[in-house]
Amino acid sequence: MVVYEINRDFLIDHLYVQPKFFHFLAELGLASLSFSTFMTAINKLPANETLAIHLQILATYIGEKHGTAYHLPSAISQSVLASLCNCAQSSISGHLHFLVKEGILESSSKPFIIKDMDALASCYDSSISISSMH
């Protein structure tokens, strides 16, 4: 399925005349590649670390901040988290229960409320920086 198609010669001519568009496309391509590389790397980590990283990414990008807590949209379920982490839902459930017991999450079911982002960040290697993805 093609949503929109641009003629190659037209695009090259346009980029020659407007180099700022070429710069924009190059930056966009490199950012996409960098993000893909990052996501591939974190999915090789143990499931508990991968879950913590994905929860932090979701909170940072689509969560609503209420005081010090982050509320994730109700569309984010255990099934969605399992898919993101490439593991079984039962595994995610166990890791979520652990995060609740540690006081990091409010509950192990949706809507997920992350009570302590710093404690969540301590669940994975500190050399991984979510803030650098902005």
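Mentor: Ser 36 is partly exposed, because its relative accessible area of 42% falls between the two limits in use, namely buried for under 20% and exposed for over 50%, computed with a 1.4 Å probe on protein chains only. The model is a predicted one, in which local features need pLDDT of at least 70 and side-chain atom pairs count only at pLDDT 80 or more, while totals for chains, interfaces and linings use all residues. Residues are numbered from 1 along each chain as its sequence is written, and side-chain values use heavy atoms, with hydrogens and water left out.

Ser 36 belongs to helix H2, where the labels follow DSSP runs numbered from the N terminus, a helix being H or I over at least four residues and a strand being E over at least two. Between the C-alpha atoms of Ser 36 and Leu 51 there are 17 Å, although 15 residues separate the two along the chain.

H3 runs over residues 47-62, and its 16 residues reach 22 Å from the first C-alpha to the last, close to the 22 Å expected at 1.5 Å a residue, where the expected span is 1.5 Å times one less than the number of residues.

Glu 49 is buried yet has no salt bridge, and the nearest side chain of opposite charge, that of Lys 44, is 14 Å away. In this count Lys and Arg are positive and Asp and Glu negative, whereas His and the chain ends are not counted, and a salt bridge requires a side-chain nitrogen of Lys or Arg within 4 Å of a carboxyl oxygen of Asp or Glu. Once its neighbours within four places in sequence are set aside, Glu 49 is in contact with Cys 123, Tyr 124 and Asp 125. Asp 125 lies in the segment after H6 and is partly exposed, with a relative accessible area of 40%. From Asp 125 to Phe 22 the C-alpha distance is 36 Å, across 103 residues of sequence.

At 66% relative accessibility, Asp 118 counts as exposed, and its C-alpha is 19 Å from that of Leu 45, which is 73 residues away in sequence.

In the loop between H4 and H5, Asn 86 has a positive phi of about 55 degrees although it is not a glycine, and Asn 86 counts as exposed at 68% relative accessibility. Ala 88 lies in the loop between H4 and H5 too, and with a relative accessible area of 43% it is partly exposed. The loop between H5 and E3 holds Pro 111, and the peptide bond from Lys 110 to Pro 111 is cis, with omega near -5 degrees.

Returning to charges, the structure has one salt bridge by the rule above. Arg 8 forms a salt bridge with Asp 9, their closest N and O atoms being 3.8 Å apart; Arg 8 is exposed at 60% relative accessibility, while Asp 9 is partly exposed at 45%. The charged end of Lys 20 also sits over the ring of Phe 21, 5.5 Å from its centre, a term that requires NZ of Lys or CZ of Arg to be within 6 Å of the ring centre and within 35 degrees of the ring normal.

Technical notes: Contact = heavy atoms within 4.5 Å.
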